[in-house]
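Here's a quick tour for someone meeting this protein for the first time. Have a look at the model, then read on.

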Amino acid sequence: MQLGALFSKQAMMRRVLISLIPIMLFAVYSFGLRVLVVLTVVTAAGVLTEYSILRFMKGGPGFKIPEAIFVTSVLFTLVLPATVPLWVAVVGIVFGVLFGKGVFGGFGRNIFNPALVARCFVFISFPAAMTMGWVAPFQGLPGGFVRYSAGVDALTVATPLRDTGIELSRLFFGQIAGSSGEISAVLILLAAIYLVYTKTASLRIMLSGTLSFLVLATVLSSLGVLPVSPLVALFSGGFLFAIVFMATDPITAPSTDAGKWIFGILVGILAAIIREFSLFREGMMFAILIMNSFVPLLDIAVKSAKSGAAKRRVEA
């Protein structure tokens, strides 16, 4: 069977994949060829899981696998540390595809982002693999393009989330430790521009989420609660990557314009609160998953309010 006959074509998903190519290449440059090994293993496990779910649901052949599974696999790979054990990555993607999408009836029916479900599961279930150490990225050419990985000798526990002396330029250009695809703010911002320009992702969600996070981070910083500057808080961790690629998922985000603004604002506020006042320093994934669960009600409330306003104008 040809690959074209096995997978359904989704132009929007292909544009997301295109936007992720520079980020993936930079991840390999920073952390070595092992990133590609993780991607290969995750993609194979993700496609197999998706195929098994569809085969069970359809009861036989004659179906096509949505290309969205490739986006899920790439996103999940990029939010993992470069040193993650391969078996943890496999368990994560299987869980994310099965319980983040399959149990809801497959693509288009899920209310949670499968890649985030997968990351949340491995983050809670295997915390040592996700939080105990980070690989210092390679510097200079050819970087990780000719090396498998930095190895355990390059592990460091330092992350920018609590580093008060970190330079913004290092955060902006990805000269920091972190998850494979979350370290370069400039590449993520360029991807955001491309996604907005091609009408693939919602600018409303990106702007509202970023601004609300910055406003609350500024307040917390002025009160002495936030140990780093608001911009350091914005560019460190996975906030930017998640607000661009996860929060804007068209399946799990609101469909109404007003709903997108509200959704983004609440995601930004929740992310700042969870990051600073809980045991989990990276609160963005929890913020998005929490708000995903309210999206159906949010859209209903917005549509009801519009309908009520229109009715009042007619009666007037």
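What separates Phe 26 and Tyr 29 in helix 2? Being 3 residues apart there, they are separated by about one helical turn. An α-helix has 3.6 residues a turn, so residues three or four places apart point the same way.

Before going further, some ground rules. This is a predicted model, where local features need pLDDT of at least 70 and side-chain atom pairs count only at pLDDT 80 or more, while totals for chains, interfaces and linings use all residues. Residues are numbered from 1 along each chain as its sequence is written, and side-chain values use heavy atoms, with hydrogens and water left out. Helices (H or I, at least four residues) and strands (E, at least two) are DSSP runs, numbered from the N terminus.

**Aromatic pairs**

The structure holds 12 aromatic pairs. Rings of Phe, Tyr and Trp (its six-membered ring) pair if their centres lie within 6.5 Å; planes under 30 degrees apart count as stacked, over 60 as edge-to-face and the rest as tilted. Here are two of the pairs:

| Pair | Centres apart | Angle of planes | Kind |
|---|---|---|---|
| Phe 26 and Tyr 29 | 5.8 Å | 35° | tilted |
| Phe 95 and Phe 121 | 3.8 Å | 10° | stacked |

Buried means under 20% relative accessible area, exposed over 50%, and partly exposed in between (1.4 Å probe, protein chains only). Phe 26 is buried at 18%, and Tyr 29 is buried at 16%. Phe 95 counts as partly exposed at 25%, and so does Phe 121 at 24%. Phe 95 lies in helix 5 and Phe 121 in helix 6, so their pair ties together parts that are 26 residues apart in sequence. Ring pairs also link Trp 87, Phe 95, Phe 99, Phe 121 and Phe 126 into a cluster.

**The inside**

Now for helix 4 (residues 68-78): 10 of its 11 residues are buried, including Ile 69, Val 74 and Phe 76. Its buried residues pack against helix 2 (11-31), helix 3 (34-58), strand 2 (65-66), helix 5 (86-100), helix 6 (114-125) and helix 12 (239-246).

A nonpolar core is a set of buried Ala, Val, Leu, Ile, Met, Phe, Trp, Tyr and Cys residues joined through side-chain atoms within 4.5 Å. The largest one has 93 residues, and those with the most contacts inside it are Leu 20, Ile 23, Phe 76, Phe 241, Phe 245 and Met 246. Helix 2 supplies the largest share of this core, 10 residues. Take Met 246: leaving out residues up to four places away in sequence, Met 246 touches (heavy atoms within 4.5 Å) Leu 75, Val 79, Asn 113, Ala 115, Leu 116, Phe 241, Thr 252 and Ile 288.

**The outside**

Helix 10 (203-222) and helix 13 (257-277) each supply at least two residues of a nonpolar patch, and helix 13 gives the most, with 4 residues. Leu 203 lies in helix 10 and is partly exposed, at 42% relative accessibility.

Most residues other than glycine have a negative phi, and most peptide bonds are trans. Lys 199, in the loop between helix 9 (185-197) and helix 10, has a positive phi of about 55° although it is not a glycine. Lys 199 is also exposed, with a relative accessible area of 72%. Elsewhere, a cis peptide bond joins Leu 141 and Pro 142, with omega about 0°. Pro 142 is found in the loop between strand 3 (134-135) and strand 4 (155-156).
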